[in-house]
Amino acid sequence: MAEALKKYSGKRLAIGVSGGRDSMCLLHAVLSCGVVQKSDIIAVHVNHALREDADRDEMFVRDFCSQKKVRFTSKRVDVKGCAALNGFTIEQAARNLRYDVFRDIIKSGAADVVLTAHHALDNAETVLMHLFRGAGLDGVRGMLKSEKVLRPLLAVYPEELDEYAKINDIKYVVDETNFIDDADRNFIRLNVIPMIERRYQGAVRNVNAFSRECDSVCEYLEESLDMSYITHDGGAVIIDERALKGALASRYVRKALSEFSLVDITREQIERVVELIGLRMGAVVELNGDIEAAKEYGCVALYVPRAKFCGEIAVKIGANFIDGLAVDIAPDNVSPNDAPGRAVDLAALDGAALRFRRDGDMFTPFGGGRKKLKQYFIDNKVPKRKRDRIPLICRGSEVLVVIGMQISDSVKQTAETKSKGTVTPRWT
């Protein structure tokens, strides 16, 4: 174990310590390996407040660190509240909050990396759990590598940790909920793995060997992706339709989704995104994490929808602000030919309002016939996700200006126009 820890020499290490066998063995190994300065170590305990003994466990780790003169910090988190608020299982909420604490430790500058005590059996459990839930090739890679959260014990098996704890007389606490099979991971650990090990000796080691092979294959496939097929448009991640028509389609989707914070994206959901490319324009599928995927012109867009803003403001000369956007209305003697879609008769905007689209809106584009605003957007290939974020200047249900795109025939400049000006969008 000391050999595996040499790579962390010179780094400031935060170690996730629950007080159980695995994390106490990891903490002991780091302290005794001879390659990490004690001053570079901080033990981090996350109190999930789910058990009567939760405070006892925190105190156990605190006392151990005090005796060994190791820096210690703890954070109490509201797992039940997080689960209820976000629709997570207790297991998901606990993990998310735990890693939030780890990320905060890194951001604070207290440590360069976080070490966790996940071992080889944890990895095999993860592979099986993902497989049973419908994961693809990525899901059976096991516990993925991370630059900031490292798992030095992934090649170590529980029996080796038992032996290490015994030889070094390492004391630890026991979480009795580990022996209750209500959570998915516990069910696999207590029921599934013992059953397959009785039938197939060495099954867990074979599962881990399989996950390492899948990890290598996935890394190779990642290097084969043409990243020019994945772009950004505002808050959306765009996948070019060419990427979704080949053998690597699902991998492009996974790569795009990796830019969002997700929980349990399954193979079924990935396939639904890929299938969008063959559906009608504007078709949408909903994914976990409030993400939507929509078929657009030559692509599929992934995004988190923004709540629609229904208010409006009276327009005025100068800066007009609406829901994080700004529209500048300014006197300007510029020719309509030099400012297409922006040059207006300012007098024609008197009494108008700035808002976003509503059902029943009508628009008469400069030089075109009157039509529903929806049809105008369709004709101009404006994706659905953008239509609610394009500011409009309106009088009633009549659209006078589609900001940044086109003006209505009713506000165009003529030979008689005395108050010439422009309407220009900008982000605040």
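Where is the place of Leu 190? Here are some friendly notes on that and on the charged pairs.

1. **Ground rules.** This is a predicted model, in which local features need pLDDT of at least 70 and side-chain atom pairs count only at pLDDT 80 or more, while totals for chains, interfaces and linings use all residues. Residues are numbered from 1 along each chain as its sequence is written, and side-chain values use heavy atoms, with hydrogens and water left out.

2. Leu 190 sits in helix H8, residues 184-199 (helices are DSSP runs of H or I with at least four residues, strands are runs of E with at least two, and both are numbered from the N terminus). With a relative accessible area of 31%, Leu 190 is partly exposed (buried means under 20%, exposed over 50%, and partly exposed in between, with a 1.4 Å probe and protein chains only). Together with Tyr 172, Val 174 and Phe 179, Leu 190 forms a nonpolar surface patch of about 370 Å² accessible area. Patches take residues with over 30% relative accessible area and no salt bridge, joining nonpolar side chains (Val, Leu, Ile, Met, Phe, Trp, Tyr) within 5 Å and like charges within 9 Å. The areas come from the Shrake-Rupley method with a 1.4 Å probe, and for residues only the protein chains shown count as cover.

3. **Arg 51 and Asp 175.** The model holds 36 salt bridges, each a side-chain nitrogen of Lys or Arg within 4 Å of a carboxyl oxygen of Asp or Glu. One of them joins Arg 51 and Asp 175 at 3.0 Å, N to O. This pair links distant parts of the chain, 124 residues apart: Arg 51 is in the loop between strand S2 (41-47) and helix H3 (54-68), and Asp 175 in the loop between helix H7 (158-167) and H8. Arg 51 counts as buried at 19% relative accessibility, whereas Asp 175 is partly exposed at 22%.

4. **Glu 125 and Arg 185.** Helix H8 also supplies Arg 185, while Glu 125 lies in helix H6 (residues 120-133), so their pairing ties together parts 60 residues apart in sequence.

5. **Arg 358 and Glu 312.** Here the closest N and O atoms of the salt bridge are 3.0 Å apart. Arg 358 is partly exposed at 37% relative accessibility, and Glu 312 is partly exposed at 44%.
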